[in-house]
Amino acid sequence: MKYFLIKTYRDIARNWIQFLAVFLMALLSVAIYSGMEGVWHGLDKVSNLYYDRTNIADFWVYATNASEDDIQDIASLSGFEAEASMAVNVSSVDANDGGSRSFLKLRTLADGASLSKFLLQEGGEFSSSANSGVWLDLSYAEARGIRVSDEVQLSFMGQEKTFKVQGLVLGSEYIYYTGSTTEIVPNHELYGYCFISEQSAQEFFGRLAYNEIRVKSTSANPDMINDQIKAILGDAYLDTVFKEDVPAVSQVTKEVSQMQIMAQMFSFVFILLALLSMYTTMSRLIDTQRTEIGLLKALGFCNWSLRLHYAAYGLIVSATGGLAGALVGPLVVSPAVMKIKKATLVLPYWEIQTSFITYALVGVIVVCCVLSCAIAAQRSLKEVPAVSMRNKVPKAGKMSLFERIPFLWNIFSSEWKWIFRDISRAKLRTAIGVVGVAGGLTLIVAGFGFSDSISNSNDYVYHFQDGYQYKLLLNDAVSPEDASAIDERSSSSQWIMEKSANFNKNGVGKKGLLSIIDQGGLLLFEDTERNSIELADSGAFITRKLANKIGVEIGDSIQVHAIGSQDFYEMRIENIAYSPSPQGIFVTKAYFESVGGAFAPTSALVEGGDNCADISAVKESVTIGMQEENMNTMSKSVMTIIRLLILASVLLSIVIIYNLGTLSFVERYREYATMKVLGFYQNEIRALMLRENTLILVVGLALGTPISIKFLKEYIGIVAFDSFEWIAQINNASFMLCAGIIIVCSVVVALASSRKVRKIIMVEALKSID
Amino acid sequence: MAFIELSNVTKSYPSSDALINALDGISLEIEKGAFTVILGPSGSGKSTLLNLIGGMDLATSGEIIVGGDHIETLSQYKLTKYRREKIGFVFQFYNLIPNLTCFENVDIASKLSANPIDAKEVLEMMGLQHRLKNFPAQLSGGEQQRASMARALCKNPEIMLCDEPTGALDTQTGNNVLSHLQSMSKKYEKAVIVVTHNASIAPAADRLIELKDGKVEKVKDNELPEGISQIS
Ligand SMILES: Nc1ncnc2c1ncn2[C@@H]1O[C@H](COP(=O)(O)OP(=O)(O)O)[C@@H](O)[C@H]1O
Ligand SMILES: [Mg+2]
């Protein structure tokens, strides 16, 4: 046994490059997986704990002015807890940032409220007696430099009141909070949330108008509770939103599954490559040890102990690689990924935690590697000792398939014939080479294509589709004077109403944005073939991605439900628009009114004017550049993860190509030595080696090109956000660059491994046995 | 001046305690068109000597002059050029390239030379005209060695170096190979040097060199060498 251990150690030391390749692949695949899992699993765990500790509601019922009696009636029902509160958007001015306005979502808390509580981070606990006290969003306070006991002045529809900051808090309903349906990335400096007591609200607003009821069922079925509440509220009822549709929950779910998919796809490819490398490495090692195997068998070792011996290589290399990966992932990969997630999500704390799946993955890799070693050993073990102890089986030359077509075959020189035969003899090795090249190309194209697709889609939205300079977000009520002031101060303007809505066709529903557009030419549309189309008063345009998701075709009718209201509309789809964002449907004001809607603009698009910030109806004005910037921030969060994966894959491709170069070199060492003796110059031998590499490269690129384009499409489809369609495409220049990178890598690696020709010692290599 | 001249050539290898002299101050002369046989027991330095003449290894000291050129002073590149143009090597274990047919093995070598002998012609001379499309593994040992000789000869080198060419063959086949080598030296005016530890072919050599412990033990010139076929 001791002899076996020493032998294993020496064999690994002697073939360290190949074993290193397997080691690295095991390491990388586990590191990527565990690194990502550390984040998503941690995120999943912490967010669930957060939901639990804050006792988040099961669903939210929205109402207009629910009466005190209604609330009492609901409270008297059994099987669930319900708490009513008043929630409004207020604007805030504090001492910081030169008195600029920011926006807070304000919610009242009753005495002893227990649903969707906040977690106090700093300052004093909530108390209803603290008059004029406010508990403020921690991220918002930090972004604006507000501290406990500072003062903020809140205003709501003309009423103003100064509040003292009692505490800084975090609420699980706001894990993902952007402040507006059209924003994608949180802007903590501008949007936050706060809590005040009912008494303070009474003083501030003059009255309490409950418009949100949080419900947590204890025993009854949520749908039944919902129906009961609906019945009590009657006309006051607006809408119900369940927990899984709340951004604080759905965004977390989406990001967790996005990370999961990315990690699984890449790990799968890596593991496959690790297995192939392990198999080729072991096959070669065992081939060179046929004599030893024969000897050991002749000495009386049974097949099982030999099989175990060779399986030990797989065990050692893959287990150390896998465990190292499980260590490196959470230490290196997780922090990088987590940093990105912190840009969109707010949690009281973050935790990196891998699950047993990481270790199961290590187990799978180990088992597969061990098996591939055992299978590789199987061939030699089947031989009787007398045969395998013969010094060396002369490798039989073999016709390549190509040779069956003589008129084609004969135009090639002997050197080319040699290469073709070599390739067809070492099929597995060649196949891995081709997979390495094609796979490398695919992953690099995915990387560059991703950034091309994002920037082309962003270009389309912000430089073609949206032709305005400013988007003015409006307060709820816009006076006619303000409206005409906005029209007059710009060379062109267009009023638009945007509402979150559910789009439904035959029971298949999807959330999106309903945009109702007044006269003006600041939004341009194209159909899916990129022909210009004009929005008419006879129907709606639906964006392509949404249309595909819910299976809508031109001429269909769909149900539109404006979220947070009782408004349902039936709309006819007139065309499918190429628009990547916002995903949803577009209708004209006239059409909207014809299906029963009431147009109340939420934004004004203006061109050739100023930002109109001084007009009181204008809540906020954003430039098209800011919107683009915002989108880019979001895209970058995905890009960073992708880059990480791509870097790892390029590394792997290089390792694979180098490893194959080494394998092929070792196999043909004697042939190269013979050529040296015959008087081939080193460069001629290297050129011959490069030819084989070139052939593999060409085939790999030819196969990789269609695969990479297809992969890009699928991949973008999977990782994209619902609200934005990244249209998969790669610019020709980028594709050339990708192919260039692969070609350069492959050639450089091949040149590097062909340098070994210099080190061939002819006398040693060809030593004859006396 | 002889075509090949070695004067005071030493080749030493470092060993655990002292240097081992594989060759110990050897001086020799070999002529063109001569069939030279080097005899000696195992470990006497025969292969080392052949490797030095063939430019596959460098001497520790001494001079090796071939056709007026000092081999020991050549750069790696020049040394390769020297092997390419002047040397044909025949190995004990043939070292044919397994994935090339008999013809192709010879063909790629003939392309190295500025004035090669036609590959088909050489193969025919070696009696391999029916085996052109066979891979080495499909040939017998003797056939493989003849293919290997064809490969060395087709470059039309001035020197043929053969290290135990019959070592892996039975006597009859071995003699057949040797007689081919002997006739080559005459027909093409080559310096053919054959290393063997089979003393029975001594009478066939123009010049017989015996090595022992890295030194020349004996040099003997045969005025009238016998044909190999007569010996067996
Ligand atoms: N690379 C080497 N390192 C050390 N000693 C060597 C090496 N090559 C040959 N020798 C030694 O040189 C001597 C001559 O070897 P060689 O020329 O191969 O003998 P022969 O071919 O006559 O059997 C031997 O003693 C051998 O051990
Ligand atoms: Mg020898």
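The side chain of B:Asn222 reaches the backbone oxygen of B:Ala202 at 3.3 Å, in a model that is predicted. That is a polar contact, meaning a pair of N or O atoms within 3.5 Å; within protein, one must be able to donate a hydrogen and the other to accept it, and residues adjacent in sequence count only if both atoms are side-chain atoms. B:Asn222 is found in the loop between strand S10 (215-221) and H7 of chain B. Helices (H or I, at least four residues) and strands (E, at least two) are DSSP runs, numbered from the N terminus. Is B:Asn222 buried or exposed? With 17% relative accessibility, B:Asn222 counts as buried, where buried means under 20% relative accessible area, exposed over 50%, and partly exposed in between (1.4 Å probe, protein chains only). Leaving out residues up to four places away in sequence, B:Asn222 touches B:Ala202, B:Pro203, B:Ala204, B:Ala205 and B:Asp206, contact being heavy atoms within 4.5 Å.

A word on reading the model: residues are numbered from 1 along each chain as its sequence is written, while chains are lettered from A and ligands numbered from 1 in the order in which they are written. Local features need pLDDT of at least 70, side-chain atom pairs count only at pLDDT 80 or more, totals for chains, interfaces and linings use all residues, and side-chain values use heavy atoms, with hydrogens and water left out.

How confident is the predictor in chain B? The average pLDDT of chain B is 88, and 99% of the residues score at least 70; pLDDT is the predictor's confidence in each residue, from 0 to 100. Where pLDDT is low, the predicted coordinates should not be read in detail. For the complex, the predictor gives an ipTM of 0.91 and a pTM of 0.75.

Now let us visit ligand 1. It is surrounded by 13 residues, the closest being B:Gly43, B:Gly45, B:Lys46, B:Ser47 and B:Thr48; a residue is near a molecule or strand if one of its heavy atoms lies within 4 Å of it. Because the surrounding residues come from chains A and B, the site is shared between chains. Oxygen atoms of ligand 1 meet the backbone of chain B: a backbone N or O atom of B:Gly43 lies 2.7 Å from one, a polar backbone atom of B:Gly45 is 3.1 Å from one, and a polar backbone atom of B:Lys46 is 2.9 Å from one.

Chain A comes next. It has 22 helices and 22 strands, and its C-alpha atoms fill a box of roughly 110 × 60 × 50 Å along the principal axes. Of its 770 residues, 55% count as buried. Among the contacts in chain A with a separation of 6 or more, 82% are between residues 24 or more positions apart.

A:Ser621 lies in strand S22 (residues 618-623) of chain A and is buried, with a relative accessible area of 18%. A:Ser579 sits in the loop between strand S19 (568-577) and strand S20 (584-588) of chain A, and is buried at a relative accessible area of 0%. Beyond its neighbours within four places in sequence, A:Ser579 is in contact with A:Tyr460, A:Gln465, A:Phe525, A:Thr543 and A:Phe586.

Finally, the aromatic rings. Rings of Phe, Tyr and Trp (its six-membered ring) pair if their centres lie within 6.5 Å; planes under 30 degrees apart count as stacked, over 60 as edge-to-face and the rest as tilted. This gives 28 aromatic pairs over all chains. The rings of A:Phe163 and A:Phe204 have centres 5.5 Å apart and planes at 65°, so this pair is edge-to-face. A:Phe163 lies in strand S8 (residues 159-171) and A:Phe204 in helix H5 (residues 198-205) of chain A, so the pair ties together parts that are 41 residues apart in sequence. A:Phe204 and A:Phe205 form a stacked pair, 4.5 Å centre to centre with 20° between the planes, and both are buried.
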